[in-house]
Amino acid sequence: MFLTELTRLFQKCRTSGSVVITLKKYDGRTKPVPRKGQSESFEPADNKCLLRASDGKKKISTVVSTKEVIKFQMAYSNLLRAHMDGLKKKDKKSKSKKTKATQ
């Protein structure tokens, strides 16, 4: 479900706009960590990853467990390869001007 929504976001932002993707470790907490003085030891039973994607208007997210990582990573990398053709190439002229100025 997340990958199909991510595909729609990529297609919507193909001509203009951008998609921001973040990935972080997720320990299963839904509440913030308590402040000093209230030490609460919390050990997650399973390591998980939280993926978020946003185009500025629409936000989607998913949690991937360790059992599903390989399958998800293969599908995710194929999706990224398919939609990375809209990236802008760097201007080589500006790079050569910088090297001449430093010499």
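In this predicted model, begin by selecting strand 2, residues 48-54, together with strand 3; the two run antiparallel and are joined by seven bridges. Lys-48 has Ser-65 of strand 3 as its bridge partner, and Ser-54 stands opposite Lys-59 of strand 3.

Next, follow the chain through the hairpin that strand 2 and strand 3 form, where four residues lie between the strands. Select Gly-56 in this hairpin: its phi is positive, near 100°.

Strand 1 pairs with strand 2 in the antiparallel sense, over seven bridges. A pair to display here is Leu-23, which stands opposite Leu-51 in strand 2.

With the three strands shown together, the open sheet can be read in the order 1-2-3, with antiparallel pairing. Which strands form its edges? They are strand 1 (20-26) and strand 3 (59-65), each of which pairs on one side only. From one strand to the next, the twist averages 20°.

Turn then to the helices. Helix 1, residues 2-12, packs on the sheet and touches strand 1, strand 2 and strand 3; the direction of helix 1 makes about 145° with that of strand 3. Helix 2 lies across strand 1, strand 2 and strand 3 and runs at about 145° to strand 3.

Proceed to a surface view. Rolling a probe the size of a water molecule over the atoms shows where empty space is left. The second largest pocket has a volume of about 160 Å³. To locate this pocket, select its lining: Met-1, Phe-2, Leu-3, Thr-62, Val-64, Glu-68, Lys-71 and Phe-72. Helix 1, strand 3 and helix 2 are the elements that give two or more residues to this lining.

The last stop concerns cysteines. Is Cys-13 buried or exposed? Cys-13 counts as buried because its relative accessibility is 13%, and the cut-off for burial is under 20%. Select Cys-49 next: its relative accessible area is 29%, so Cys-49 is classed as partly exposed, between the limits of 20% and 50%. How many disulfides are found in the model? The count comes to zero, where a disulfide requires a pair of cysteine sulfur atoms within 2.5 Å.

Terms used:
Residues are numbered from 1 along each chain as its sequence is written. This is a predicted model: local features need pLDDT of at least 70, side-chain atom pairs count only at pLDDT 80 or more; totals for chains, interfaces and linings use all residues. Side-chain values use heavy atoms; hydrogens and water are left out. Two strands pair if DSSP finds at least two bridges between them. Axes are lines fitted to C-alpha atoms, for helices over the stretch in contact, and angles run from 0 to 180 degrees between N-to-C directions. Contact means heavy atoms within 4.5 Å. Buried means under 20% relative accessible area, exposed over 50%, partly exposed in between (1.4 Å probe, protein chains only). On a 1 Å grid over the protein atoms alone, a cavity is a set of points where a 1.4 Å probe fits but cannot get out, and a pocket is an open set with protein on both sides within 12 Å along at least five of seven lines; lining residues have an atom within 4 Å of a point. Grid points are joined across faces, edges and corners, and a volume is the space filled by probe spheres set on the points.
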